[in-house]
Structures are given as structure tokens and as C-alpha cells.
Amino acid sequence: MRVSDSIVLRTSLLFSLLTAAVVLLMGIVVRVSVDDHFVDMDRAQLSGKFELIQHVLADKNVPADNVRIRQQLEDALVGHHDLVVHIHDANGNLVFSTGHAAIPNDVLTEKNAENAAKNIQRWTADGMVYRGMATDTETGYHIAVGINIHHHQEFLHAFEWQLLFIGGAGSLIMAILGWFAAKRGLRPVQEMAHIASHISAQQLQERLPINNIPVELLTLAESFNAMLDRLGDSLQRLSEFSSDLAHELRTPINNLMMQTQVSLSKPRDAATYRDILYANFDEYERLARMIADMLFLAKADHGLVIPHAEPVNLFHEATALCEFYEAVAAEKSVTCSVAGNAIIHGDKLMLQRALGNLFANAIRHSHQGSCIKIDIQMKNTQAIITIENHGDAIAPEQLPRVFDRFYRADASRQRNDDGTGLGLAITQSIIHAHGGYITAHCENGTTRFTITIPATTLQGNNG
Amino acid sequence: MKILLVEDESKTGSYLKQGLTEAGYLTDWVQDGLSGREYALTGDHDLLILDVMLPGLDGWQILTAVRHAGILTPVLFLTARDQVEDRVKGLELGADDYLVKPFAFAELLARVRTLLRRGHAREENMLQVADLELDLRRRRAMRAGQRIDLTAKEFALLELLMRRSGEVLPRSLIASQVWDMNFDSDTNVVEVAIKRLRNKVDANFSAQLIHTVRGMGYVLEADNARV
């Protein structure tokens, strides 16, 4: 498993790296301040000794090698085994020295007493580390004081190791704790996965609980539920469609079977047989058309291909369709008017079919003596076609469903014309294939279908 | 008129052969691509009806061989797949027409007649069937000396029926020829149009000229031989 594969691993690793960085920083700060503290302590000690020596040497007239002064200095410095003191007189003769280590010359050059305290220097001699300072006194002596700080260094060294150990162990503990924390933090995700794993076509009604879900996962859960809603809806339509299809096919086939059985039950004359065959033929024809329509829609579901996109003059097509349906419309005293124009890029035959189905639908549902109005507009780069008829009202809740396959406004109504119940579904899929959309409105008995279709943006196919 | 039918599905083939023979065509029927090619290259046929999917050679290969041999016999394709690519490929190879299965036999017959008529069309100014006359130049229809008022589409419909008098024309062919509507309309548009035309042409006369052939289509003819 790569690190990027697991959120838990990634989070805990990041967590421990950050912890290690913080601990390291803190360690450095502590280490530096402890060191500073030691320096201050050494400075105070050195300055104290310095002042003591100066005080003893304050009398100008007493030479430094005087026994009494030597005694005084030794008394003052007794017990300080870490201390190194060298005192030279104005002529450069060493008049007093204690301690075993030498003081390097570059430490001894400072002339000013105040600067000496600031300019504390460090050096190494005989494997030991010293810190020291030097200056000339007003009485002509040159005093150099050093202090062995080896034990400080050893302490700091041990302290560094301790810091490293604490930091390392802390980081490791934080990594483990972080792993648990991340694991626990991700539990809602696992719960979601658990619920999701139980969802199947038979149990699409299951939903992720929205109430006690972390804010961060709310969007995910909501879109997941919305997806389930859509899937459920599609599945519902699909199963309705399947049962509708079975029903639509069963009825005519039942009729054919019954008719054939009854016809065969006793001998009849040739004319009767011919009539029966004709009646059967009508039924077969309708079945064949329904199957062809179904195939068309099945192909449309996989993305209808527009093979021959060519400029289509919509006014011309609408007028031609008006002429085609003229006779049928005239039977119901329905007239037809076409206004406006637009030229779009598309498949002429398919568009003819799409509009033709709308025409047939409009005539079928028009009241006697009404007028079907077709209006074609060009808005920006879109053609907008409206087909309006006065007649049977469609209930608002049924409007979006008119494009469903085998949809009937009145469920009890039997189909008594040649319609397959797929006309508007085919119209819709053709419009979709052209990158457009179609809507239906109904108001005061006026039913209006509005097609919006891009004029030029056709790119081969579309789902 | 001699027709070669290459169709491997035996039920379809035998019905088609029966139908074409009864329609007055001498029909050779073979069931595989290789004999289909042999017959097409050697036989003296006026029309080839080829299925696309065949054992041995497919319909396209037969067509290619036929056109390669310089034979220009009209070819009608039968295809079970209504893929546009099939349609385009067939037409590109030099087929004259195609029909998608399932199709109505009347449709096939009408197309066969159209293909066989090709090249035999005559320019006429006047069409006449019994006492019905159509003056194509002056766009006038007369029955027994009486003028009949027709709309432009009614005139076109009557012209089609008269030009192909005696032939049963299926509804889809009428829709395509008169209105240039090539989709399968689910309304009875042609039926209604024929009814209205019949009202104008036949209503006042005892001899009916326009007949409905159930399950097939419409025919205009003088004698009343058909049912």
C-alpha cells in the first residue's frame, strides 16, 4: 500500500512529522537558553573573582610577590579548584599564578576592565574547556582569570541526548495516537461505505443518514442520496416501461391469438378468411411499427448519431408538415398557421419526424374548429419552435410525463388510433440528439410545446 | 421481367418468391452468396434483390462483383440492420435502393416496380384512365367532361395514382412521393387524403376508380377486378 492510498496512514504520518518538527524547535530553544544561562553564571563568577583580586591588589605600594598579599590571594581563591588565575606586574613578570592550565595569549590582550566582562572567551586546553577574561588594572597589574567549564559541557551534552530521546519518543507516540485519531475520525466514512454496500437494485430506498453526519461529509452524503434518488427514479421508469411494453405487446398478440383460434374453430368461406387476414395484418403492422420505434429509442438511449447534418429550413419543414397533415386536420376543421423562420444544422429526416409527431399529437388533441399555431424564432444562436393547440387540458403534474414512453394522459383510455404511444418520446430523443430540449405547458386548454435547439452546434452525437 | 432473389432465410425467401411470382415476375431464388454471385453474373436478370447478410459472400460483395463485371442491373438491398452506415455503404457501392426488415410486401413490390420502370419514363402532357383525364400542362382534372377542383397536393396524389394506374401503392410510398415525408407517420394521413380525393373524383359517378386494397395500399384502375 502506498502512503497516498490511505488517509489514516497519510494523516498520522503528517501528524508525527509536524510533532517532530515542533519538538525539535523547542529542543533547540531550550538548549540555547540553557547555554546562555551557563555563560551568565560563568560571567558572574569570573567578575566576582576579578573584583576580589583587584581589591587585594589595591595597595600600590605593596608588591604582588609580598608574602602577605600572596597569602591573601590564596585565601581568597581557596577551594576553587576550577579556577585559573595569572597576575603579571607592569614589567611582565608573573607575580602570582594558581591552577594548572595555561591561558592563551589572545585572551590576555583586553586592556579595559568593563570590556573584559563582555568579552568572555572560550578555549580548550588539555582536553578541558575553559572560559575566561583578562584586563590591566589601574595599579599596573595584568590579571587573567579562567574557569573550567567542562562539567557544564558534559551536562549540555547529556541534556541534548535527553532532548533527542524525548522528541523521538514523543513523535512516535504522537504518530500512534494520530493513527488512532485519524482512524476514529474516519469512522463515519466507513459507516457510509457500510450502508452503501447494502444498496442494490432491490433496496434503492436505503439512504445515508443526514442528521448526525460530520459537516465535512454532508455534501458527499447529500449528493450520494441525490444520486440514489435519480437512480431510483430511472429504475422506476425502466420497470414501468418494461411492464408497459409487455402490456402493449401482449394485448395485440392476445387479440391475434384469440381471433385465429376462433376463426379456426369451424370452416368459413374464403371472404371471411381474407377479412381475418386483413385484420391481422393491421395488427401486425402496428406491432412492427412499435418495435421499430422501440429500437429507435433504444439506440437513442445509447446516444443517437446524427449522420447527415445539413442546413434545415424550419419554416419550409413546418409548412410541408402542415400540408401533409392538412387533410387530417380538415377532418376536424382544424387549421394550421406557421410564422417566423430559422435555419438550423441537423438531420432533416429526423427533424421532420420529431415535428411530425408533435403535429399529429396536436391534431389528435385539438378541439373542432381550432387553430394550431407554429411559431419559429431565432434567439441568439438558438432556434425556438412553439407548437400551440387548443383542446384537451393536461394536468400540471402530468406535463413532464407526456414524453414518457407509452404515456397516456387518461390511463383508462384505450388507444383507438394508429399511435404507438412512443411519438413524443421519439420527438424528445431526436431533439436531445440535436443538443436541444423540449418542454410542455398547458394553460386554459392551450397546450404549448416549446423546442429550443442550437442552430449550429451539432457535433455528431449526443446522449 | 426476370428477378434474382438472394435470401438465405428460407421462410422470408419462399414468401418473397411466391409474392413476386404471383405479381407476374419470373423469379430465381438462391440462398447463399456464392451461387448468388454466379447467378447474378450469368443470368439475364432485370433486377437483383440482395440480402446483406448471406453465407459465403455478403450482399455487398455480390454487388461489387456485379458492378465490376460492368453489369448495371438495378439492385435492391434488403437489410435487417437499419444502421445508417449499411445504407450509405450499399448506396456507395452502387445499389439503387434498400429496404429495412421488417417491411411490408406492398412496399417491396412498389419499389421493385419503380426500379424496373426506371429509364422507361415517358414525358406526357395528358394522363387518362377510363373517363378520368389529367392535363399535366394546364394542371386540370376532368371526369366525364366535368372539371374537378383539386388542391395542389390532391393533384399530385391523383397524378401519382394515374401514372401508376393498376399498381397498388403503399401508404409510405404515397407519403414519400406526394409530400416528401419519409418518416413512418403513425397517423392515417394518407388514408384521409385518399378519402377526400375519392369524394371529389368518384362520389358522383357509379364507376369507382380509386380502390383501397386492404393491408396493401391504394390503386387507381378502371375495372373493378380487385376486391
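**Figure 1. Helix 9 and helix 10 of chain A in the predicted model, packed at an angle of about 145°.** The axes of helix 9 (residues 348-364) and helix 10 (residues 423-433) of chain A lie 9 Å apart in this predicted model. Helix 9 of chain A passes helix 10 of chain A in a left-handed crossing. From helix 9 of chain A, the residues in the contact are A:M350, A:L351, A:R353, A:A354, A:N357, A:L358, A:A360 and A:N361. They meet A:G423, A:L424, A:I426, A:T427, A:I430 and A:I431 of helix 10 of chain A. By residue class, this contact of helix 9 with helix 10 of chain A holds 9 nonpolar, 4 polar and 1 charged.

**Figure 2. Helix 4 of chain A and its buried residues.** Helix 4 of chain A runs over residues 150-185 and has 36 residues. From its first C-alpha to its last, helix 4 of chain A reaches 51 Å, close to the 52 Å expected at 1.5 Å a residue. A:S171, A:M174 and A:G178 are the buried residues of helix 4 of chain A. These buried residues pack against helix 1 (7-56) of chain A. For context, chain A contains 10 helices and 14 strands, and 22% of its 463 residues count as buried. Of the contacts in chain A with a separation of 6 or more, 65% are between residues 24 or more positions apart.

**Figure 3. A:E443 in strand 12 of chain A.** Strand 12 of chain A covers residues 437-443 and includes A:E443. A:E443 counts as exposed because 9 other C-beta atoms lie within 10 Å; the cut-off for an exposed residue is 12 or fewer. A:E443 and A:A395 are 48 residues apart in sequence, and their C-alpha atoms are 9.4 Å apart in space.

**Figure 4. The contact between chain A and chain B.** Chain A contributes 24 residues to the contact and chain B contributes 20 residues. On the side of chain B that touches chain A, helix 8 (residues 189-201) of chain B gives the most, with 4 residues. That side of chain B divides into 9 nonpolar, 5 polar and 6 charged residues. The model scores ipTM 0.71 and pTM 0.60.

**Figure 5. B:A110, a buried residue of chain B.** B:A110 lies in helix 5 of chain B, which spans residues 105-117. B:A110 counts as buried because it has 23 C-beta neighbours inside 10 Å, where 20 or more are required. Leaving aside residues up to four places away in sequence, B:A110 touches B:E167, B:L169, B:P170 and B:L173. One of these residues, B:L169, is 59 residues from B:A110 in sequence. In space, the two are 6.2 Å apart, C-alpha to C-alpha.

Figure 6. Of the 227 residues in chain B, 34% are buried. Among the contacts in chain B between residues at least 6 apart in sequence, 53% join residues at least 24 apart. The mean pLDDT of chain B is 85, with 91% of its residues at 70 or more. Where pLDDT is low, predicted coordinates should not be read in detail.

Terms used: Residues numbered from 1 in each chain as written. Chains lettered and ligands numbered in written order. Predicted model: local features only at pLDDT ≥ 70, side-chain atom pairs only at ≥ 80, totals over all residues. Axes fitted to C-alpha atoms, helices over the stretch in contact; angles between N-to-C directions. Helix = DSSP H or I, 4+ residues; strand = E, 2+ residues; numbered from the N terminus. Left-handed = near helix turned anticlockwise from the far one by under 90°. Contact = placed C-beta atoms within 7 Å. Nonpolar A, V, L, I, M, F, W, Y, C, P; charged D, E, K, R; others polar. pLDDT = per-residue confidence, 0-100. Expected span 1.5 Å × (residues − 1).
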